[in-house]
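This briefing is meant for a reader who is meeting the structure for the first time. It begins with the ligand and its surroundings, and then turns to the domains and to some details of the backbone.

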Amino acid sequence: MNDLDQLLQQAQTEFAAAATPADLENAKARFIGKSGRVTELMKGLAALPIEEKKTRGAEINVLKTGIEAALTARRQALADAELAIQLKAEALDVTLPGRARGTGGLHPITRAMERIEAIFGSMGFDVADGPEIENDWFNFTALNTPEDHPARSMHDTFYIEGGHVLRTHTSPMQIRYAVQHVKKHKHLIDAGKAMPEIRVIAPGRTYRVDSDATHSPMFHQVEGLWVGENVSFKDLKSVYVNFMHQFFETTDMDIRFRPSYFPFTEPSAEIDMMFGSGPLKGRWLEVSGSGQVHPQVIRNMGLDPERYIGFAFGSGIDRLAMLRYGVNDLRLFFDGDLRFLTQFK
Ligand code: DAH
C-alpha cells in the first residue's frame, strides 16, 4: 500500500469516527483543508521534476476525489442519523389510549323537573315559565294576600330595590298565565261562550330567607292550575294522585289531603304522602299545598267566579327529588360536589 492509499484509508477511518457534523468538518480540515495533508502534498509537487509531477499530481487528485467521496458519504450518513433521531422523538404512538372527555349529566333537580313536565304534559297540562323577580301584585296582592295580611309573614321574603321581590313561590304564575289565557280567548268570553280550560304547570326557582338541611334560600317549586266550568276537587285529587304514582313509579303509597290554610285557596289542603315500603315507610311526608282557587283570585285572573272554578297546587320539587333519589340533605343539591352529582349520570 503506498502512502496515498494509506492516507485515503486514514481519512476514511477518521471520518467514520466523527460522531457529529462538527467532528466531521474538523476531520475534513485535517486532510483537504487549507493546511491539510492533501493540500500539503499538492504544495510539495512544485519541487518535483516535470514528468514525476504529472503522475504524482494525477495520483494526488485521485486521492482527493476519494477523500471527498468519503466525506460526502459520511455527511449524508450523519444527516440521516440525525433525522432518524428527530423522527423518533416526534413520533406519535397512535396505539396509546386517548385522553377521554368526561361526560356530564343532568342535575337531579333538572331530572325531577323533566319528569314532572313529562307526567303533567301527558295529562294535558301546558308548561309555563315566568320571572323570578316579581312585583308585589303578582307575588302577593293578586293572590289575595294584600299588604298587612298576616299570611305575608309566612314567607321570609327577599325584598329588592324598586318594590320588587324575589318570588317566594311559583303561585304568581297562576295569575300571569291565566291573564294571558283570558286575553287570548277574550272574544269567546265576551260572546258568553265557554273558554277552553286552563291547565298548566309552572316549575321554577323560588326564594326565601331560610337555610338549613331541609331549606335553601333558593329552592324549586312547581305550580299547577286547572280552571274550567266543570272542574272539581276530585279532579285535582285524581290528577295529583296519578302524578305521585307516576313520579315515584309505584302505587304502594298513601296520599291524604289534610285541611290547611292558604290565602289564595278556599278550601285549602296540604297534600301528604306515605310510602308503603322502603326506608321511609309509615311516615307522613308533606309534598304540596293545594286547594280550590279563591273567588277573589279568579276575579283577578279576569274571570267570573260564578262561572269558573279553579284548582291549584304548589309542590316542592327539591322535596320530591330528595324522596325519589333518597337524598337526606337538601344542600347536597346545591354544593356542586362532583362526588354527589356523578351518581346521577
Ligand atoms: N304557594 C304555596 C307555598 O309556597 C303553595 C301552594 C298552596 C300553592 C296552595 C298553591 C295552592 O297553588 O293552591 O307555600
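The space that the ligand takes up is the largest pocket of this predicted model.

**The shell around the ligand**

- The ligand is surrounded by 15 residues, and the closest of them are H169, S171, R208, Q221 and E223.
- Sorted by class, this shell holds nine polar residues, four nonpolar residues and two charged residues.

**Polar contacts and cover**

- The side chain of S171, which is among the closest residues, has an N or O atom that lies 2.9 Å from a nitrogen atom of the ligand.
- In the side chain of Q174, an N or O atom is found 3.0 Å from an oxygen atom of the ligand.
- Q221, also listed among the closest residues, places a polar side-chain atom 2.9 Å from an oxygen atom of the ligand.
- On its own the ligand has 350 Å² of accessible area, and the protein covers 93% of that area.

**Domains**

- The domain assignment divides the protein chain into domain 1, which spans residues 3-89, and domain 2, which spans residues 108-344.
- Between the C-alpha centres of domain 1 and domain 2 there is a distance of 96 Å.

**Backbone details**

- As background for the next points, most peptide bonds are trans, and most residues other than glycine have a negative phi.
- The peptide bond that joins E266 and P267 is cis, with an omega of about 0°, and P267 has its place in strand β8, which covers residues 265-275.
- N144 is not a glycine, and yet its phi is positive, at about 65°; this residue lies in the loop between α6 (136-139) and β3 (159-160).

Notes: Residues are numbered from 1 along each chain as its sequence is written. This is a predicted model: local features need pLDDT of at least 70, side-chain atom pairs count only at pLDDT 80 or more; totals for chains, interfaces and linings use all residues. Side-chain values use heavy atoms; hydrogens and water are left out. Domain bounds come from an automatic or database domain assignment. A residue is near a molecule or strand if one of its heavy atoms lies within 4 Å of it. A polar contact is a pair of N or O atoms within 3.5 Å; within protein, one must be able to donate a hydrogen and the other to accept it, and residues adjacent in sequence count only if both atoms are side-chain atoms. Accessible areas come from the Shrake-Rupley method with a 1.4 Å probe; for residues, only the protein chains shown count as cover. On a 1 Å grid over the protein atoms alone, a cavity is a set of points where a 1.4 Å probe fits but cannot get out, and a pocket is an open set with protein on both sides within 12 Å along at least five of seven lines; lining residues have an atom within 4 Å of a point. A molecule sits in a cavity or pocket if more than half of its atoms lie within 2 Å of its grid points. Ala, Val, Leu, Ile, Met, Phe, Trp, Tyr, Cys and Pro count as nonpolar, Asp, Glu, Lys and Arg as charged, and the others, Gly among them, as polar. Helices (H or I, at least four residues) and strands (E, at least two) are DSSP runs, numbered from the N terminus.
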